[in-house]
Amino acid sequence: MLLDYKTAKEYFLAAKFQGCKIFFEKHNYKLEQAYCEIILDNLKKASSILTELEFQDSRAHWGLVMLDCIKGCITRYPTYFELRNFLEIDLNILITYCKGDYVEKIVRYADFMFTINPEVHKFIGRVFLKNGLKPQAMFFLNRAKDNFYQDPELHYLLAEVYNDENKIDKCTDALNTCLSILPNYAPAAAMLNKIKNKI
């Protein structure tokens, strides 16, 4: 039995769903309850709960944007900070719960979301990369490179992929690009030194 909010949230994020929804309902954690309804494909119920919270909680507003994307009909716009704070987390939750159809529908709006936050393609690429979906990650990371080349973290993420694939020249190029944009980017400098020491 779940005894506290922190445990219930950790269980939910780890896809240990048993008991989470009941806990959230019993203790009136409406936002979390709405996310449970999304996982259970009860989108109307999720929408109803989130609509109650929309003007009090930016996460609820973002949840409604996400539901719009899933339904294929945008009726509200996300904010720059909603995309920065919630897009990646929520895609990760949906991937964890094997909701690939929802993920696919949301990322179809990547170019639309990019007009609000130019880091969107990188966020999507990063969450795919962290979930082992490398081809999908590379698609969005390359899209990010086309649209927002001056992002040092983007080039570092590409370098990580190239390093894993043992494409040392491409990895080195990506790291050098990262460091040309932000010379003090420590992870890139460390990876570059490691590669140089291997050669």
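Author: For the charges, Lys and Arg count as positive and Asp and Glu as negative, while His and the chain ends are not counted. Please note that this is a predicted model.

Reader: How many positive and negative side chains are there, then?

Author: The protein carries 26 positive and 25 negative side chains. The centres of the two sets are 3 Å apart.

Reader: And the fold: how many helices and strands?

Author: There are 13 helices and 0 strands. The C-alpha atoms fill a box of roughly 60 × 40 × 30 Å along the principal axes.

Reader: What share of the residues is buried?

Author: Of the 199 residues, 47% count as buried. The protein exposes about 10,600 Å², and carbon and sulfur atoms supply 53% of that area.

Reader: Turning to one residue, where does Asp151 sit?

Author: Asp151 lies in the loop between helix 10 (134-147) and helix 11 (152-164).

Reader: Is Asp151 buried or exposed, and why?

Author: Asp151 counts as buried because its relative accessibility is 7%, and the cut-off for buried is under 20%.

Reader: Which residues does Asp151 contact, leaving aside neighbours within four places in sequence?

Author: With those set aside, Asp151 is in contact with Glu119, Lys122 and Ile181.

Reader: Finally, where is confidence lowest and where is it highest?

Author: Confidence is lowest in helix 13 (residues 186-198), with a mean of 91, and highest in helix 7 (residues 100-107), at 98. The protein averages a pLDDT of 94, and 98% of the residues score at least 70.

How values were computed. Residues numbered from 1 in each chain as written. Predicted model: local features only at pLDDT ≥ 70, side-chain atom pairs only at ≥ 80, totals over all residues. Heavy atoms only, no water. Helix = DSSP H or I, 4+ residues; strand = E, 2+ residues; numbered from the N terminus. Buried < 20%, exposed > 50% of the residue type's maximum accessible area, 1.4 Å probe, protein only. Areas by Shrake-Rupley, 256 points an atom, 1.4 Å probe, with all protein chains shown as cover. Charge placed at Lys NZ, Arg CZ, Asp CG, Glu CD. pLDDT = per-residue confidence, 0-100. Contact = heavy atoms within 4.5 Å.
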